[in-house]
Amino acid sequence: MLKKLLHTKPYALDTGLFLLRFSFGVLMLPYGWQKFQNYAEWSKDFPDPLHIGPAASLALVVFAELLCAALVAIGLFTRLALIPLLINMIIIVLVVHGADPFEKQEHGVLFLIPYVIIFLTGPGKYSLDHALFTKR
């Protein structure tokens, strides 16, 4: 009985990956949307850790948090879309809030961990990547 309870069903892994990928993709969208809506105002003094200018830094963040997060949510080009999100979260945690207490870094870390997991495991069976690019 215990062995049966602890045994992972084949569909459970893909369902878990779907829920992780979809939820953390969707949870990131409001952050990107807010930055997109306020682009003109925020682009003047947005943090510029890469020294490319505040407007360009904000544009890269909007790209990651809006477009790439949407791609992760639907599971299309998932690993490729995760690269800007991973870079974004690493910069937020280590550079923008690098000298701050953990309470300021925590939000970025809580997004970084699932993005790393999804990058390592792939999007799972319930994704557009699987539907479009897996040979049958």
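What share of the 136 residues in the chain is buried? Buried residues make up 32% of them. This is a predicted model. Its secondary structure comes to seven helices and zero strands. One salt bridge turns up in a search of the whole structure.

**Overall build**

- From the N terminus on, the elements run α-α-α-α-α-α-α.
- Taken along the principal axes, the C-alpha atoms fill a box of roughly 60 × 35 × 20 Å.
- The chain exposes about 8700 Å². Carbon and sulfur atoms supply 73% of that area.
- Take the contacts between residues at least 6 apart in sequence: 63% of them join residues at least 24 apart.

**Helix H4**

- H4 covers residues 54–74, which is 21 residues.
- From its first C-alpha to its last, H4 reaches 30 Å. That is close to the 30 Å expected at 1.5 Å a residue.
- H4 has a kink of about 30°, centred on Cys-68.
- Cys-68 is also one of the buried residues of H4. Others buried in this helix include Leu-58, Val-61, Val-62, Leu-71 and Val-72.
- Gly-75 follows H4 and has a positive phi, near 75°.

**The salt bridge**

- Lys-35 forms a salt bridge with Glu-65. The closest N and O atoms are 2.9 Å apart.
- Lys-35 lies in helix H2 and Glu-65 in helix H4, so the pair ties together parts that are 30 residues apart in sequence.
- Both partners, Lys-35 and Glu-65, are buried.
- Side chains of opposite charge can pair when their charged atoms come close.

**Helix H5**

- H5 has 19 residues, which should span 27 Å at 1.5 Å a residue. The end C-alpha atoms of H5 are 25 Å apart, which agrees.
- Buried residues in H5 are Thr-78, Ala-81, Leu-82, Leu-85, Leu-86, Asn-88, Met-89, Ile-91 and Val-93.
- What covers them includes H2, H4, helix H6 (102–121) and H7.
- Ile-91 lies in H5. Its relative accessibility is 17%, so Ile-91 counts as buried.
- Not counting residues up to four places away in sequence, Ile-91 touches Pro-49, Leu-50 and Val-96.
- Ile-91 and Leu-50 are 41 residues apart in sequence. In space they are 9.0 Å apart, C-alpha to C-alpha.

**Nonpolar surface patch**

- Ile-74, Phe-77, Leu-80, Ile-83, Ile-87, Leu-128, Leu-132 and Phe-133 make a nonpolar surface patch of about 780 Å².
- Two elements give two or more residues to this patch: helix H5 (78–96) and helix H7 (128–133).
- Ile-87 sits in helix H5. Ile-87 counts as partly exposed because its relative accessibility is 46%.
- Phe-77 lies in the loop between H4 and H5. Phe-77 is partly exposed too, with a relative accessible area of 44%.

**Loops and backbone**

- Where does Ser-43 lie, and is it buried or exposed? Ser-43 is found in the loop between H3 and H4. Its relative accessible area is 14%, so Ser-43 is buried.
- Ser-43 touches Pro-54, Ala-55 and Leu-58, not counting residues up to four places away in sequence.
- His-51 is also in the loop between H3 and H4. Its relative accessible area is 70%, so His-51 is exposed.
- Most residues other than glycine have a negative phi.
- His-51 is not a glycine, yet its phi is positive, about 60°.
- Phe-77 is not a glycine either, and its phi is positive, about 50°.

Notes. Residues numbered from 1 in each chain as written. Predicted model: local features only at pLDDT ≥ 70, side-chain atom pairs only at ≥ 80, totals over all residues. Heavy atoms only, no water. Patch = residues over 30% accessible without salt bridge, like charges linked within 9 Å, V, L, I, M, F, W, Y side chains within 5 Å. Areas by Shrake-Rupley, 256 points an atom, 1.4 Å probe, with all protein chains shown as cover. Salt bridge = Lys/Arg side-chain N within 4 Å of Asp/Glu carboxyl O. Helix = DSSP H or I, 4+ residues; strand = E, 2+ residues; numbered from the N terminus. Buried < 20%, exposed > 50% of the residue type's maximum accessible area, 1.4 Å probe, protein only. Expected span 1.5 Å × (residues − 1). Bend = angle between axes of the 7 residues up to and from the residue. Contact = heavy atoms within 4.5 Å.
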